[in-house]
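This short report walks through a ligand site and a group of paired strands. Start with the structure below.

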Amino acid sequence: MSEEHTALVQAPGRHRGAGATAVAHPNIALIKYWGKRDEELVVPRTDSLSMTLDILPTTTRVRVDATARRDEVTLGGVPATGEALHRIVAFLDLVRDVARMPQRAVVDSENTVPTGAGLASSASGFAALAAAAAAAYGLDLDPTALSRLARRGSGSAARSVFGGFAVWYAGSGADPAAADAASYAEPVPAGDLDPALVVAVVDAGPKALSSRVAMRRTVNTSPLYGPWADSSGDDLTAMRAALLRADLEAVGEIAERNALGMHATMLAARPAVRYLAPATLQVLDSVLQLRREAVAAYATMDAGPNVKVLCRRADAQRVAAVVRDAAAGTVVHIARPGPGAHLLPAEGR
Ligand code: DP6
């Protein structure tokens, strides 16, 4: 077991080797994670902050199978192949390494969110996998250790371990073990905000370029990356204060500028990374129009063309109707703050 893993290990569960099922929800960043300082350990360059949603969960069952010669992974009833399979097997290898158990696993995952469309499917996916695999392999992890483990699958998954608002620390230190130990998410205190997030799906298809590849290219080639990363630190400080005083307008303004700044860094990458589509801009225009009509509505976009609009719960239906009509074919979902990753009670076996 490599040294950086040791902090993850706690007393093995009593049902070492049993199956476990976990549920996790996607989270949407209000202060974005964009750029790694350690690719292998998935340690980010900047702190980020998100809201976990109460919709579009992933449910994942992991069963350790002493007789299996390789991991068997099914995603939405279809056997996983290629890069998706590779990432999941690599993650299971990490769990096996920590648990000191070589046995392979049978993994069955159901995603209600379209995969790879910039709708945080990897966040809910790896948070659920981390919780289920840790339990199945008998690791008894506290939430911080579970967040660090989920991070290794996909950075944003570190935040889906927690419900409500969560901050994920970039940590510091050049030493890999120290960097790994310092990079985890935790809940963020917030006042009485009563927020909703309207998810406007303008295109549910998979993105042309993975966020992993796109953020690497941005860090390596975009002259705007450094200035954005610096200003993102100030955005985070302002965001924490705005959340505490339950100032939805300030939360929205900061989130919108942080996201637009992230997309600016991508547009300046060489070659440019452009996730924003014509329908994205139509939805953004409708958000501006809502604000002109005195509705507090603020947009954020991830590695895809879809738009998430932060607003008050009381305005959510109106916001959803306006953004749905902004671009033909747009499908809307209304989300509220949701729960962190959790295990389902063991089935009667
Ligand atoms: C734009 O967590 O999918 O959604 O760590 O390479 O798996 P990897 O990336 P991922 O990136 C998410 C980027 C984002 C912003 C965010 O969620 O903070």
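A polar side-chain atom of Arg87 sits 3.0 Å from an oxygen atom of the ligand. This is a polar contact, meaning a pair of N or O atoms within 3.5 Å. Arg159 also uses its side chain: one of its N or O atoms is 2.7 Å from a ligand oxygen. Gly155 uses its backbone instead, with an N or O atom 2.7 Å from an oxygen atom of the ligand. On its own the ligand has 450 Å² of accessible area, and the protein covers 93% of that. Such areas come from the Shrake-Rupley method with a 1.4 Å probe.

The model is predicted: local features need pLDDT of at least 70, side-chain atom pairs count only at pLDDT 80 or more, and totals for chains, interfaces and linings use all residues. Residues are numbered from 1 along each chain as its sequence is written, and side-chain values use heavy atoms, with hydrogens and water left out.

## The shell

Helices are DSSP runs of H or I, at least four residues; strands are runs of E, at least two.

## Strand β9 and its partners

Strand β9 (residues 104–111) pairs with β6 (residues 58–65) in the antiparallel sense, over 8 bridges. Pairing requires at least two DSSP bridges between two strands. Thr58 stands opposite Asn111 in β9.

Strand β7 (residues 72–75) pairs with β9 in the parallel sense, over 4 bridges. Here Glu72 has Val106 as its bridge partner.

Key. Polar contact = N/O pair within 3.5 Å; in protein donor to acceptor, adjacent residues only side chain to side chain.
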